[in-house]
Amino acid sequence: LASIVVFPDLDSLRQAFPNVAADKVGHDLAYPAMLSLLPSGLLGLVTASLLAAFMSTMSTQLNLGASYLVHDFYGRFINPEATDRQRVKAGQVATGVSLLLGAGLGLTLTDAGQAFNLLLLLGAGTGGLFLLRWFWWRISAATEIAAMVISLVVAAYFTWAHDALATRPVVLVPELLGWQKLVLGTTVTTLGWLACAWLLPPEREEVLRSFVAQTGVGGPGWRHLQPQSSSVPNAIGKGLLQAFLGCIAVYGALMATGSLLYGHGARAAVLFVVSGLTAGAVLFLHRRS
């Protein structure tokens, strides 16, 4: 917020740092520019906070990955009778391997934008799957694993291989912009996991019926597994409406706050009203469910 006052536009950044290359002057330069104004003591405190934030994020991701690998892979498929000591040892190995793989990936990426696009490619194609599993009985654990593998291969190809092939004249591979890679990658991944949903064996019927009974899922995709007296399809439709309205409420509040900070009062007022009305609609639908 202070940087908006001190450096209100890019020209002010260029004047304050004339030795910075022109292609490096962007809105994200405001943060390090503000750091240059801090005294040594506060600068050391900021450095410590950045290191603490980095370490907390790293430890969270490493513990998360090790937890998945130990409980959902090692303990389920490799050694179901593992003792606590063996699970701890497996967790330590998984943490070390994850750290090495993450460090190797970091060395291959050229900038933060490439990392962000890689994450988009990894998640965009599987987003529909993680939603559809609540509405279609054919989505199984095997389908989700296949989708993750397909998404990983597609993301790796568009991140590293495609641009290299596009520069070779003998290979008929067109150059693609970032959004084109995202759309094409999402399409390929979606078609892949849809095919896997039909080709791979589904879960056992008793497991599916137990899932329906415990979670209350419904709709056309679960019709043959639902009790005849169930009214879940209406609940599913109402839940989707609440999710849609909730997204409008959250993003409306975020954009309203930004508009208010930048002095766009009228726009902020309209967005706050929209956010409040949609949030009220969510609460109204929730109380009637």
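This is a predicted model: local features need pLDDT of at least 70, side-chain atom pairs count only at pLDDT 80 or more; totals for chains, interfaces and linings use all residues.

Tutor: Residues are numbered from 1 along each chain as its sequence is written, and side-chain values use heavy atoms, with hydrogens and water left out.

Student: At what angle do the axes of α7 and α8 cross?

Tutor: Axes are lines fitted to C-alpha atoms, for helices over the stretch in contact, with angles from 0 to 180 degrees between N-to-C directions. Helices are DSSP runs (H or I, at least four residues), numbered from the N terminus. Here α7 (residues 141–166) and α8 (residues 178–199) have axes that come within 9 Å and cross at roughly 150 degrees.

Student: How are α7 and α8 oriented to each other?

Tutor: Angles under 35 degrees count as roughly parallel, over 145 as roughly antiparallel, 65 to 115 as roughly perpendicular and the rest as oblique. The pair α7 and α8 is therefore roughly antiparallel.

Student: Which residues of α7 meet α8?

Tutor: Contact means heavy atoms within 4.5 Å. On the α7 side, T143, A146, A147, I150, S151, V154, F158, H162 and D163 take part, and their partners in α8 include W193, C196 and A197.

Student: Is T143 buried or exposed?

Tutor: Buried means under 20% relative accessible area, exposed over 50%, partly exposed in between (1.4 Å probe, protein chains only). T143 has a relative accessible area of 0%, so this residue is buried.

How values were computed:
Helices (H or I, at least four residues) and strands (E, at least two) are DSSP runs, numbered from the N terminus.
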